[in-house]
Amino acid sequence: MNYVAPVKDMMFNLKHIAHIESLCELPDLSDSSADTAQAVLDEFARFNQEVLSELNWTGDQTPSSLDPATGVVHTSPGFKEAYGQYIEAGWQGLEHPQCFGGQGFAKSISAACTEMLNSANLSFALCPLLTDGAIEALRVAGSPSLQARFLPHLVSGKWSGTMNLTEPQAGSDLSLIQTRAQEAGDGNYLLFGTKIFITYGEHDMSENIVHMVLARVKDAPAGVKGISLFLVPKFKLTDSGELGDRNDVHCVQLEHKLGIKASPTAVMKFGEHGGAHGLLVGELNRGLEYMFIMMNAARFAVGVQGVAIGERAYQAARAYALERIQSRAVDQPSQGPVAIVHHPDVKRMLMTMRAHVQSARALCCAAASAYDCAHHHPDASVRLQEQRIYEFMVPLVKGYSTEMSQWVSSLAVQVHGGMGFMEETGVAQYYRDAKILTIYEGTTAIQANDLVGRKTFKDRGEVAKLLLVQMQETLAVMSSIQGPQAQSLHKRLTQAREAYEQALAFVLDNFQSHPALVFAAGVPFLLLTAQVMAGWQMAKSLIAAQQAIDSGQDVEFHQSKVETAHFYAEHILTQSPGLAQSIVFGGDSVNAFRAESF
Ligand SMILES: Cc1cc2nc3c(=O)[nH]c(=O)nc-3n(C[C@H](O)[C@H](O)[C@H](O)COP(=O)(O)OP(=O)(O)OC[C@H]3O[C@@H](n4cnc5c(N)ncnc54)[C@H](O)[C@@H]3O)c2cc1C
């Protein structure tokens, strides 16, 4: 199935959710105008549609492979050449600062590009995604000398990055990390240990691989307070910054997986032959703090991956539904069998997919725009507030969009009927690929813990309440919009907002006194919060679309936005009061069941 990037919807969000014309007035964002965004999105859409999308299926059929004799990992056919084109065109540097060779575009624009890249080829996209994370960590915590030696090569994509956290006994719980870092006597370190599940831990697409590794030095405090961050390059650098000797870090195995088969998932051994040369990033024992910077970037991007796979699955389902002839229409039985898109239940599935994908895309855009303000606004108090909003939104973007991608890719299989279960239609691949998204970069439960603890209880719900006030302002504007769709969304968003307020009060009141009750409701609370926040973006979309219709602009497209927002109101926001009931009253029925009784 060919992929067509939804540039029009992305531009709609950039204009009406991110307010790109205001963003580009911020210092250092003058290149991020709507016109430039349109040009960048059009160009990147072409590359993704023509090059990367074509390699998605072959990558699934011909996964990356390790040659045990040489230790070389061969990526899937065409990947290396496509990566060459990707970096040649400068796509890796899209959102990174110009002083390191990047293009310095707003994150609101680069997030749309990230979506396209992942729709076209999720397995391929993981390599640039991890590089982005390494860049972010080095920018924040790296010394000027580390930045000068590594950032230009990472920003150009000549070198790629990885994130080495997971060990066999340390997954969600990073306090259990055992990889050791020993002083080498020259100010640097030697690392020893094993990391598992390392995405693009070894491959043949870039000249060097920059591993960001969590490890403990001797006598470090126990738990997360004793973890440091090290940069371990595959090839050590000479004094002049050229590629030097091979470092003692090796891939010993590639995993066989359910999905994202073209993406090499490596078991990495550090220090099997005397010690892997490592450079400390930032200060000792602050590694987890730095890694969280990298993880926030990566978690946001994984949320965007959820939108991406949802979009691609939706496109496949829509194409099939328009083509497949089966059964008579209930309202016109005399006509004979029709394309299945005419059956109300198929329409319901397609509308569900469409509403989920568009609302999650708008939520990602709102978060990216907060990030842009947090990094570029001249007023420090605005920067601080926007940073808090962005951080609040990261677990929503990650947790909700990735859960949504499971529902949407499953519906795509369902729309295809039996053919969906056959590999050759391609939707089975989207379904398999999507499953990893709720697991890596912290499972949905870990996102929920973050939302409930750090992002909600810690500030006594301050950011949440601020967003509720802003939502109320949107509702006030909406009350003046005529038409049944606007009225329906106004009513359902008001009810959903009240439901969220009730759940928020429950979390704040019970967090300390009844933690097991609150954490039993963590994931439903995340789903409810995101559902309401995404519904808010749908309200903004409806307002803008209605105004465009009233002034006669691209009526068909804007009418489809209004109809999609209406569906969201009646089929998704209507779930919010039910979710709130489970959150407030459901905890006992979870905790009453004894662990031994399972
Ligand atoms: C394909 C793939 C690629 C990956 N890439 C990388 C990579 O590049 N770098 C890297 O470092 N790691 C990577 N990972 C590892 C990934 O981040 C972990 O698998 C993930 O964080 C979950 O850890 P775990 O597998 O140990 O599961 P566990 O931590 O054992 O979790 C098992 C279950 O318990 C639940 N659980 C655990 N703790 C809690 C809690 N406190 N509250 C509620 N529920 C909890 C989880 O939600 C989950 O449902 C990758 C994994 C895969 C499969």
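User: Are α9 and α11 roughly parallel or roughly antiparallel to each other?

Analyst: This is a predicted model. Helix α9 spans residues 287-323 and helix α11 spans residues 380-415. They pack at an angle of about 20°, with their axes 8 Å apart. Angles under 35 degrees count as roughly parallel, so α9 and α11 are roughly parallel.

User: Which hand does the crossing of α9 and α11 have, and how do the residues of the contact divide?

Analyst: The crossing of α9 and α11 is left-handed. The residues of their contact comprise 17 nonpolar, eight polar and two charged.

User: Which elements give two or more residues to the shell around the ligand?

Analyst: The ligand is surrounded by 20 residues, with Leu165, Gly171, Ser172, Thr199 and Thr443 the closest. By class, the shell has nine nonpolar, nine polar and two charged residues. Two or more residues come from each of β3 (159-164), β5 (189-199) and α13 (444-457).

User: Is glutamine 447 buried or exposed?

Analyst: Glutamine 447 sits in helix α13. There are 29 other C-beta atoms within 10 Å of glutamine 447. A count of 20 or more qualifies as buried, so glutamine 447 is buried.

User: Which residues is glutamine 447 in contact with, leaving aside its neighbours within four places in sequence?

Analyst: Alanine 37 lies 410 residues from glutamine 447 along the chain, and their C-alpha atoms are separated by 31 Å. Contact needs C-beta atoms within 7 Å. With those sequence neighbours left aside, the contacts of glutamine 447 are Pro395, Lys398, Gly399, Gly442 and Leu526.

Definitions and conventions
Residues are numbered from 1 along each chain as its sequence is written. This is a predicted model: local features need pLDDT of at least 70, side-chain atom pairs count only at pLDDT 80 or more; totals for chains, interfaces and linings use all residues. Axes are lines fitted to C-alpha atoms, for helices over the stretch in contact, and angles run from 0 to 180 degrees between N-to-C directions. Helices (H or I, at least four residues) and strands (E, at least two) are DSSP runs, numbered from the N terminus. Angles under 35 degrees count as roughly parallel, over 145 as roughly antiparallel, 65 to 115 as roughly perpendicular and the rest as oblique. A crossing is left-handed if the near helix is turned anticlockwise from the far one by less than a right angle, and right-handed if clockwise. Ala, Val, Leu, Ile, Met, Phe, Trp, Tyr, Cys and Pro count as nonpolar, Asp, Glu, Lys and Arg as charged, and the others, Gly among them, as polar. A residue is near a molecule or strand if its C-beta atom, placed from the backbone, lies within 6 Å of it. A residue is buried if 20 or more other C-beta atoms lie within 10 Å of its own, exposed if 12 or fewer, and partly exposed in between; C-beta atoms are placed from the backbone. Two residues are in contact if their C-beta atoms, placed from the backbone, lie within 7 Å.
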